[in-house]
Amino acid sequence: RVWSLDSGECVRTLSGHTNIVTSVCVTADGKHVLSGSRDRCVRVWSMESGECERSLYGHKAEVTSVCLTADGKHVVSGSHDETVRVWSLESGECVRVLSYHVGHVYCVCVTADGKYVVSGSQDCTVCVWSLDSGECVMRLCGHQRFVSSVCVTADSKYVVSGSGDSTAWVWSLESGECVCILYGHGGWITSVRETADGGNVVSGASDGVVRVFSLESGELVRVGDASGLAVRSSGNRELAAWVDEHSARARLGDKTVRVFGMQTVLSFQGCDCTGALLTGPNRLLLAQLGATS
């Protein structure tokens with residue numbers, strides 16, 4: 001679903017998947033939405049019309065994560081079939097299959113310079129892949145449980161991974177070494193994200209708390225307080241949260257998407273929400289739901 005941040009109204013519903021939608025992302029120009037689903041399909045939608053323009057088939061199990069390369073030319077998807085696939089956004093063809101993990105792939109992201117794909121898996125590892133060759137150039141080992149979320153800093157120097165072991169690790173993308181471990185959560189980490197200023201890492205976890213860590217020192221700088229407002233699930237399961245310079249956005253297990261700003265709080269209620277993100281300057285919020293839309 002696509003929601004207006006100004007009014008809180010649902011302005012568009014994208015229907016077509018035949019199972020739970022697990023991941024969404026938006027092209028940089030805001031013209032297209034991508035979605036991954038348990039129906040093993042990645043779909044490309046027109047933001048303007050709401051029509052499905054392309055269906056990407058090839059995964060043999062549910063799609064867990066989708067993202068786009070910085071140039072907007074390729075879609076990257078991770079799946080329970082233990083592979084990462086790279087697709088041409090223009091043609092819809094699968095141009096590369098990245099296979100090295102020995103467990104479900106839970107999360108994928110791409111470096112800002114477009115050189116590498118990063119994936120996290122049930123096998124407790126983070127893999128770094130060359131987008132050009134498709135080879136796994138680095139395998140980051142250290143987590144004691146599954147890797148549930150990954151992100152890359154804007155300068156492409158560090159990878160941050162969140163895990164079921166309740167820790168987030170900061171890795172050097174150059175050396176592959178862990179430079180810092182972020183402790184404090186009392187549950188598995190569901191989402192990690194760098195703040196817009198590049199100085200902090202924000203993590204959300206199943207303990208219902210958002211934590212903000214200094215990327216440089218690894219020290220905890222804020223708990224449950226993003227942009228001046230406490231972000232907690234009040235007993236409901238916190239699935240993920242992240243912040244930018246304007247607001248914090250959280251996805252919750254109580255059938256609600258909440259947007260926390262400096263002065264306002266908006267709630268969008270409906271189906272179970274499994275993820276949410278902003279579509280860009282047009283002030284729309286895209287929410288993936290625990291349903292087929």
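Start by selecting Val126 and everything around it. Leaving aside residues up to four places away in sequence, Val126 touches Val118, Ser119, Met138, Arg139, Leu140, Val147, Val150, Val159 and Ser161, where contact means heavy atoms within 4.5 Å. Before you click on, note that this is a predicted model, so local features need pLDDT of at least 70 and side-chain atom pairs count only at pLDDT 80 or more, while totals for chains, interfaces and linings use all residues. Residues are numbered from 1 along each chain as its sequence is written, and side-chain values use heavy atoms, with hydrogens and water left out.

Now widen the selection to the core. Val126 is one of the residues with the most contacts inside the largest nonpolar core, along with Val118, Val128, Leu140, Val150 and Val159; the core has 14 residues. A nonpolar core here is a set of buried Ala, Val, Leu, Ile, Met, Phe, Trp, Tyr and Cys residues joined through side-chain atoms within 4.5 Å. Buried means under 20% relative accessible area, exposed over 50%, and partly exposed in between, with a 1.4 Å probe and protein chains only. The largest share, three residues, comes from S15. Strands (E, at least two residues) and helices (H or I, at least four) are DSSP runs, numbered from the N terminus. As background, nonpolar side chains tend to be buried together in soluble globular proteins.

Stay with S15 and bring up its sheet. S15-S16-S17-S18 is the order of an open sheet of four strands with antiparallel pairing; strands pair if DSSP finds at least two bridges between them. S15 and S18 (178–182) are the edge strands, each pairing on one side only. From one strand to the next, the twist averages 20 degrees; axes are lines fitted to C-alpha atoms (for helices, over the stretch in contact), and angles run from 0 to 180 degrees between N-to-C directions.

Zoom in on S17. Is it buried or exposed? Five of its five residues are buried, so S17 is largely enclosed by the rest of the structure. Look at both faces: Ala168, Val170 and Ser172 are buried on one side, and Trp169 and Trp171 are buried on the other.

Next, walk along the neighbours of S17:

- S16 (residues 158–163) runs antiparallel to S17 and is joined to it by five bridges. Val160 stands opposite Val170, and Val159 has Trp171 as its bridge partner.
- The hairpin of S16 and S17 has four residues between the strands, and Ser166 in the turn has a positive phi of about 75 degrees.
- On S18, four bridges make the antiparallel link to S17, with Ala168 opposite Leu182.
- Five residues lie between the strands in the hairpin of S17 and S18, where Gly176 takes a positive phi near 85 degrees.

Jump to His59, in the loop between strand S6 (52–57) and S7. Which side chains does His59 make polar contacts with? Ser77 is one, at 2.7 Å, and Asp81 is another, at 3.0 Å. A polar contact is a pair of N or O atoms within 3.5 Å; within protein, one must be able to donate a hydrogen and the other to accept it, and residues adjacent in sequence count only if both atoms are side-chain atoms. His59 counts as buried, at 5% relative accessibility. Among the residues it touches are Arg40, Thr83, Arg85 and Trp87.

Trp87 leads you to the next sheet. It stands opposite Cys94 in S10, and five bridges join S9 (residues 83–88) to S10 in antiparallel fashion. The open sheet has the order S7-S8-S9-S10, with antiparallel pairing; its edge strands are S7 (63–68) and S10 (94–99).

Last stop: colour by pLDDT, the predictor's confidence in each residue, from 0 to 100. The chain's mean is 83, and 76% of its residues reach 70 or more. Over residues 225–254 the pLDDT is below 50, though beyond near neighbours in sequence this stretch has 101 contacts in the model.
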